[in-house]
Each structure stands twice: as structure tokens, then as C-alpha cells.
Amino acid sequence: MNNLELQKRANDVRIGIVKAVHSAKAGHPGGSLSAADLFTYLYFEEMNIDPQNPDMEDRDRFVLSKGHTAPGLYATLAHRGFFPVEDLTTLRKLGSYLQGHPTIQIPGVDMASGSLGQGISAAVGMALGAKMDGKDFRVYTLLGDGEIQEGQVWEAAMFAGHRKLDNLCVIVDNNGLQIDGAVADVCSPYPIDEKFKAFNFHTINVDAHDFDALRAAFAEAKNTKGMPTCIVMHSVKGKGVSFMEGVADWHGKAPNDDEFAVAMADLERIGAELEKAGEA
Amino acid sequence: MADVKKIATRESYGATLKELGAEYPNLVVLDADLAASTKTGVFMKEYPDRHIDCGIAEANMMGIAAGLSLVGKIPFVSSFAMFAAGRAFEQVRNSIGYPHLNVKIGATHAGITVGEDGASHQCNEDIALMRSIPGMVVMCPADDVEARAAVRAAVEHNGPVYMRFGRAAVPVINDKPDYKFEIGKGNIVREGTDVTIVATGICVDSALGAAEKLAADGISAEVVSICTIKPLDDDLIVQSAKKTGKVVTVEEHSVIGGLGAAVCECLSTYLPTPVKRLGMQDVFGESGSASDLVKKYGLDAEGVYKSVKEWL
């Protein structure tokens, strides 16, 4: 899929996020939007998956360690054909299968998550299992930059580095913000790349909103043998919605009706520009 | 009862894993630097490629086990009860219990019979913790025979299982030809009519000893051995309580949240009956030999005998 197509899909994903969170009147738009391009790249380009057969045995796996950004994952899975896009607005509602944080029953979700620091360990287990069985599927996991304050992340990183799990790709969404403010102020995780390097990872820094850069980074990760890769993805929290960009407050709250209208106008304008670019 | 065979249930755990390793090629064993103590070393020796030492990182170990189960393995995660159920509680709840994964937790060194290491390592809360997780099977075998049967049953059960094993050697009491094991089923190991003593783990032996002493005083005690604390064999407990009208519970665990609590939950629902709970009375343990500790906290045959006698 070319970059323009990917950009269009990512914009659809962003619209799905905003609609879902607005409908739920709760949820986490900021970190869902910062990772929307990444979700799109993984599910439309990178991973070997089949929406018609979500449990395909040797599929690539994805664990959303930063599980609160479920709206981003759900919107991507819906647009990729795992379940109806219309279901996104049932998010967080009683009786909906789209729980506030990912559950294993949702088509396309490979692991329940939401309690920070835990998803990466499950991803490491999957990667280890693949190695034990000589299978060549790959395992991807997305962490928040605030999440890596959890000690379990480093237990998992130490193990993955020690076991040389080169089928594992850890992605850190470095949008720089967590609930209480800037990660640098709350409890700095920097330098993120150097930390993972010290745990015997190959590390790559990338612009989270540049599909060429993402393409190159994932190719490099795939070609890296003998050690896991950590892609530190520099992103803008709330990306795509004017008033959410770079504002910590949009970590975990839903837009009201007026804000929703502005957000939709922002994204529809981007969508129209992408359509125009396609015709040109 | 002179030369009774004594085996620690952790030994039974390791030995059974080694046997099952041959039958289940997808069975893997995880440890957190305690393979020598959890007795999984015998599995490691036989199947080095299927033994995963995670280092001293129990939280991560639980997550790795979850991931392994999602790619078709049957992981047995081993550590001391304090760290498996205590330290890694939330990982067990969220990464294993919530997605209902096929992960088996073999927790050794449970209760005060850890002995000399003292209270920091004597986990008297694990049954309470694990019992509170929806869908988790909780087993606490009484001896070698039951421990082997429980490990076998765990591998055949699809879903998360917590197994509690002890450090100290305990007498074999279930080596009867008609002994049968089933998850969720208890056994009446001695019939009686005046009082029911429900016991689990190493306390089944104490309960039997106490029943013997009570018999000498003309008191007929029925002893119910409960290996599966969850799901509890409600029918068996109600049936025995109906007969005797009085129930005593005995466990090497806090009286809060463990077997005693489970039995009270059962009886208060189906057949309100007076219950006396023996175990750790909301206190931490301390250093000492296993036998001295069991005696001090009244969980040996003599202690149980005295408590029952006094209460009746």
C-alpha cells in the first residue's frame, strides 16, 4: 500500500477513535491518535494476518501493552475488516464486546492488556514460544513512554535481550506526555533508546507520522538478527485533532459535543486534502 | 504408624512434571532462579530446552507464561507461594486469570513450614489471593499421592490452576487402592458422627492424628480432606455437617480467606452450622523448624485435638 493510501486509512482510524471515544463519553484519545499511523502501518502493511481467520496459527502477533489506547487498536481492526466499523460506537457500553481495555475475546486481539507493563511480557512469551518451535512469525508490542516507568518492562527487556529474541519488535510511543504532565517532569524515562540498548536491543528512532520512516524502521527491525529491536517512535499526542495535539489533558477524556464537532471537522478536512492529493 | 513414608509435596511436583514431559511435548516449565528449591530441576535435567529460567523476575515470568500459552504451550510456572501468588498477584489476575489462559502455577514453600526463613517467606495468604480470581482452580494437596494426582489433573484441565506445595516432608496418607482424585472433589478420610474436621494440605495428617486422640476420649470425628479449595466440594461438606452438626477447619494458612473462609461461605449458604477455624490467627509466622512452628501455632495433631476438645 502506498503512503497516500496509508495516510487515508490512518485518517479513517482517527475518525473511528474520535467517534468511539465521543460515543463512550470516556476513553483515551491522546495516545490512540499518536499511535494511529503505527496501528495502520502494522495492520495494513507489516503484519501477516487474516481478518477472515483471526486465529490463524502462524500469524504475526501484536500486543497492545499500552492497553488504554484500545480505541486506536479497535478502529484499526474494524477498518481492516475484523469486525464492523459501526460497532466502534458501542465502545465501553454495557453489553458491548469492545471493552474499555483490550480483551482476548475481540476478533484480532492477541492478548488482554490494560494494566501497564504487562503486555510486553506476554509478547516476550509469544516470541520465545515461536523460537522454541522454530516458527518464523513475528511479535510486535506497543508501549507508552509513561508505561516504561513500570519495572516489569525492564524485567521483560532483560529477558528478551538475554534470549536474543530477534522475532520481537518493541515499539515505544514517545509522545512525551502522561496523565500528570510531561514524562520528562513526572519521572524521566530518557534516554529511552540508550536504555533499551543497554538491555541488548537494537534501537531505531523514527518519526511516528512518516510512513517512509516507519517502513524503513520495520524493514531494519526484520533484518536485525541476534537481538530484539526497539523502535522509539517520536509522536505527537492527539495527532490530527487540532486542540488535542500536545496537550496532556487529552490523555484520558472524551470530547464534548462541541469539541467533537471541531475534531471531526479537522479530520474531515485532512481526509478531503488526502482525496485531492490522490486525484492530482 | 512407625515407619511412615514421608515426602515433601514439592518433590512430587517436580517428579510428576518430569513424567508429564514425556506425555506432553508442549509442556514447558518456568522458574525464577529457584529450580533447585521448587524441585523442577529434575524436569530441567531431562528437558533442558523446555525449561525456562526467567531469573529473579516473577512478574515478568507470569507474563511470559501467558504469552507461551497463547502460542500453544502448557506452561507450569514455579516459584515460592510468596512470590507466585503474592508478588505477582496482579500479573496472575490480569495476564492469566482475566484472559483465562491455560497456565498452571506450581507454588512451593507455602505456609509456615517454610520454617527457618521466617515470616517474609512464609506465605499464609496465597489461598485467599488465588481463590479471589474468577475461574482459577486452587488446589492444596495433602501428600505425595495427592500432589501427583493434582499435577496430572492440572495438565488435563483447560484453564488456569494454582497448586500449593510444601517444603517439608509429610507422611503419605492417600496410598489406598481405592484412592481417586478429581478436581473439585474432597474425600472423607475418616468417618465420624460428633464433629467434622475439614482439613487441607499438610493439616489433613494433623486432623487424622487429632481424630485418633478424640476417639480415645469417646469423640467420633469425621475427617474431610479437601485438596481443591476452589471449586469447593460443597456437597461433601454439607453432607458431613448435616451428620455431625459442628465443623472445624484446619489449614496452614490464614483463617482469613482460606479453607476456613471457603467452608463458612459454603455452610452459611446451604446449611448454617457452627464453625471453628484453625490456622494462622491473623498473625505473621516466624523463624523456627517446621515442626516447632506447626506445634507453636497449634496445627499439629495435638494442637488440633486440644482446640477441638476445648470447643466442643
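User: Where in chain B is Lys39(B) found?

Analyst: Lys39(B) is found in the loop between helix H2 (35-38) and helix H3 (41-46) of chain B. Helices (H or I, at least four residues) and strands (E, at least two) are DSSP runs, numbered from the N terminus. This is a predicted model, in which local features need pLDDT of at least 70 and side-chain atom pairs count only at pLDDT 80 or more, while totals for chains, interfaces and linings use all residues. Residues are numbered from 1 along each chain as its sequence is written, and chains are lettered from A and ligands numbered from 1 in the order in which they are written.

User: What phi does Lys39(B) have, and does Lys39(B) count as buried or exposed?

Analyst: A residue is buried if 20 or more other C-beta atoms lie within 10 Å of its own, exposed if 12 or fewer, and partly exposed in between, with C-beta atoms placed from the backbone. Lys39(B) has 25 C-beta neighbours inside 10 Å and therefore counts as buried. Its phi is positive, about 70 degrees, although Lys39(B) is not a glycine.

User: Where is the place of Asp282(B), and is Asp282(B) buried or exposed?

Analyst: Asp282(B) is in the loop between S14 and helix H12 (290-296) of chain B. Asp282(B) is exposed, because 9 other C-beta atoms lie within 10 Å. Asp282(B) also has a positive phi, of about 55 degrees, and is not a glycine.

User: Which peptide bond of chain B is cis, with omega near -5 degrees?

Analyst: In chain B, the bond from Lys230(B) to Pro231(B) is cis, with omega near -5 degrees. Pro231(B) belongs to the loop between strand S12 (228-230) and helix H10 (234-244) of chain B. In chain A, the bond from Tyr190(A) to Pro191(A) is cis, with omega near -5 degrees. Pro191(A) lies in the loop between helix H7 (183-187) and helix H8 (192-198) of chain A.

User: In what order do the five strands of the open sheet in chain B run?

Analyst: Two strands pair if DSSP finds at least two bridges between them. The order in chain B is S9-S11-S10-S13-S14, and the pairing is mixed. Strand S9 (187-190) and strand S14 (275-280) of chain B are the edge strands, each pairing on one side only. For angles, axes are lines fitted to C-alpha atoms, for helices over the stretch in contact, and angles run from 0 to 180 degrees between N-to-C directions. Neighbouring strands of this sheet are turned by 25 degrees against each other on average, direction ignored. Helix H11 (residues 259-270) of chain B packs on the sheet, touching S10, strand S13 (247-254) and S14 of chain B, and its direction makes about 145 degrees with that of S13(B).

User: How many bridges join strand S10 of chain B to strand S11 of chain B, and which way do the residues of S10(B) point?

Analyst: In a regular strand the side chains alternate between the two faces of the sheet. In S10(B), Val195(B), Ile197(B) and Ala199(B) point one way, Thr196(B) and Val198(B) point the other way, and all are buried. Since five of the five residues of S10(B) are buried, the strand is largely enclosed by the rest of the structure. Five bridges join S10 (residues 195-199) to S11 (residues 221-225) of chain B, and the two strands run parallel. Ala199(B) stands opposite Ser225(B) in S11(B).

User: What does the domain assignment of chain B give?

Analyst: Domain bounds come from an automatic or database domain assignment. In chain B the assignment gives domain 1 (6-171) and domain 2 (187-311). Their C-alpha centres lie 25 Å apart. The contact takes 27 residues from domain 1 of chain B and 29 residues from domain 2 of chain B, where two residues are in contact if their C-beta atoms, placed from the backbone, lie within 7 Å.

User: How many residues does the contact take from chain B and from chain A?

Analyst: The contact takes 21 residues from chain B and 19 residues from chain A. On the chain B side, helix H4 (58-70) and helix H6 (89-97) each supply at least two residues. The largest share of that side, nine residues, comes from H4(B).
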